[in-house]
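Got a fold on screen and a few things to ask about it? Let's go through it together.

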Amino acid sequence: MDSLQTRLDLTSLTTAVDAIRAEVGKVIVGQRQTVDLLLTALLADGHVLIEGVPGVAKTLIAKLLAKTMAVGFSRIQFTPDLMPSDVLGNSVFTPKTGDFVFRQGPIFSNLVLIDEINRAPAKTQAALFEVMEERQVTNDGITYPLDEPFMVLATQNPIEQEGTYRLPEAQLDRFLFKIIVGYPTSPEEVDILRGNHQRRNLSDALDAINAVLTAGQLTTLRGLVHQVHVEDKLFDYIAQIVQATRASKSLYLGASPRASVALLNSAKALATLRGRDFITPEDVQELAPSVLRHRVLLTPEREMEGGTADEVIAQLVQKIEVPR
């Protein structure tokens with residue numbers, strides 16, 4: 001099927017994506033894959049966990065993405081003493097009326113950046129379960145729905161152990177992607193230095209970022225993604241990949257059915273980013289590591305051998321026959 005012979009008119013989506021890339025590119029050097037994965041998650045209506053060593057612009061990329069959209073934005077720094085009410089909000093007594101009024105916490109926004117998510121204790125992590133999955137907060141028996149769009153971008157440092165808490169599997173499963181941000185290449189680092197030298201400060205650079213997408217436009221673009229064509233054999237292909245994680249002798253914990261849905265929806269979003277209204281096996285293969293790496297656990301034996309989740313996922317995908 002020729003990618004130019006699309007049944008959907010993706011002009012508006014392509015224009016919006018190109019505009020966001022251009023705005024982010026004013027500050028960020030390289031990181032094309034990271035930006036594309038963030039855009040894919042945005043179109044697929046999913047949350048993202050960004051992992052990388054300090055100084056590779058994890059937080060900056062998230063802030064830049066937020067600035068390219070005319071939506072609400074809040075940032076929460078997770079710390080060991082952070083309470084659930086600091087995130088979700090709490091009931092405050094009003095002397096004039098003698099009633100308790102619910103005061104919304106910073107999670108009530110459209111795009112929420114959670115810095116160092118693994119620094120908060122289990123009770124605060126658990127506070128995110130309902131809000132990430134059901135897009136609502138329940139307080140004193142009353143449910144408060146969040147406005148659309150709603151997306152959580154969380155960062156974590158993979159090397160620091162002191163003062164950190166491992167994220168529960170139930171919470172990890174609620175992230176569409178886990179993106180690994182690596183070091184820049186040598187030419188990219190030279191460009192980073194040159195850009196840093198030329199601009200006065202980062203605040204000026206951030207002020208130069210324009211909002212190019214509204215909440216209403218994003219809803220329309222997500223509607224296009226829902227209409228992307230999927231052949232029956234690709235449903236089977238996705239199911240086989242996810243089920244292979246459950247049967248693997250290298251994995252103690254396989255991926256849940258939520259992973260299958262995530263792989264499908266993100267593949268549809270990636271296809272539109274590539275200018276197509278149909279998904280291919282290559283879309284599924286490209287996204288499999290980002291969708292699955294945080295949803296599986298290595299067996300102790302495989303971990304002791306120095307294996308990684310990405311290696312196991314690559315081996316499993318390679319063994320499954322590709323539909324044509």
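Predicted model: local features only at pLDDT ≥ 70, side-chain atom pairs only at ≥ 80, totals over all residues.

Reader: In what order do the 5 strands of the open sheet come?

Author: Strands here are DSSP runs of E with at least two residues, and helices are runs of H or I with at least four, numbered from the N terminus. Two strands pair if DSSP finds at least two bridges between them. The pairing is parallel, and the order is E3-E6-E9-E1-E10.

Reader: Which are the edge strands?

Author: An edge strand here pairs on one side only.

Reader: Which residue of E9 is the bridge partner of Leu113?

Author: E6 (111–115) and E9 (151–156) run parallel and are joined by 4 bridges. Going along them, Val112 partners Val152 and Ile114 partners Ala154. For Leu113, the partner in E9 is Leu153.

Reader: And what stands opposite Leu111?

Author: On this side we're looking at E3 and E6, which pair in the parallel sense over 5 bridges. Opposite Leu111 in E6 stands Phe73.

Reader: Why is E9 called largely enclosed by the rest of the structure?

Author: Look at both of its sides: Met151, Leu153 and Thr155 point one way, Val152, Ala154 and Gln156 the other, and all are buried. E9 counts as largely enclosed because the buried tally is 6 of 6 residues.

Reader: Is Asp173 buried or exposed?

Author: Asp173 sits in the loop between helix H6 (169–172) and E10. Its side chain makes a polar contact of 2.8 Å with that of Ser256 (N or O atoms within 3.5 Å; within protein, one able to donate a hydrogen and the other to accept it, and sequence neighbours count only if both atoms are side-chain atoms). With a relative accessible area of 12%, Asp173 is buried.

Reader: What is the volume of the largest pocket?

Author: A pocket is an open set of points on a 1 Å grid over the protein atoms alone, where a 1.4 Å probe fits, with protein on both sides within 12 Å along at least five of seven lines; lining residues have an atom within 4 Å of a point. Of the 25 lining residues, Glu51, Gln156, Arg166, Lys178 and Leu297 are the closest to the centre. The lining divides into 10 nonpolar, 8 polar and 7 charged. The volume is about 760 Å³.

Reader: Which helix gives the largest share of the lining of the second largest pocket?

Author: This pocket has a volume of about 420 Å³. Its lining has 22 residues, with Ile28, Val29, Gly55, Ala57 and Ile192 nearest the centre. The largest share, 6 residues, comes from helix H7 (186–198).

Note on methods
Residues numbered from 1 in each chain as written. Heavy atoms only, no water. Points joined across faces, edges and corners; volume = space filled by probe spheres on them. Nonpolar A, V, L, I, M, F, W, Y, C, P; charged D, E, K, R; others polar. Buried < 20%, exposed > 50% of the residue type's maximum accessible area, 1.4 Å probe, protein only.
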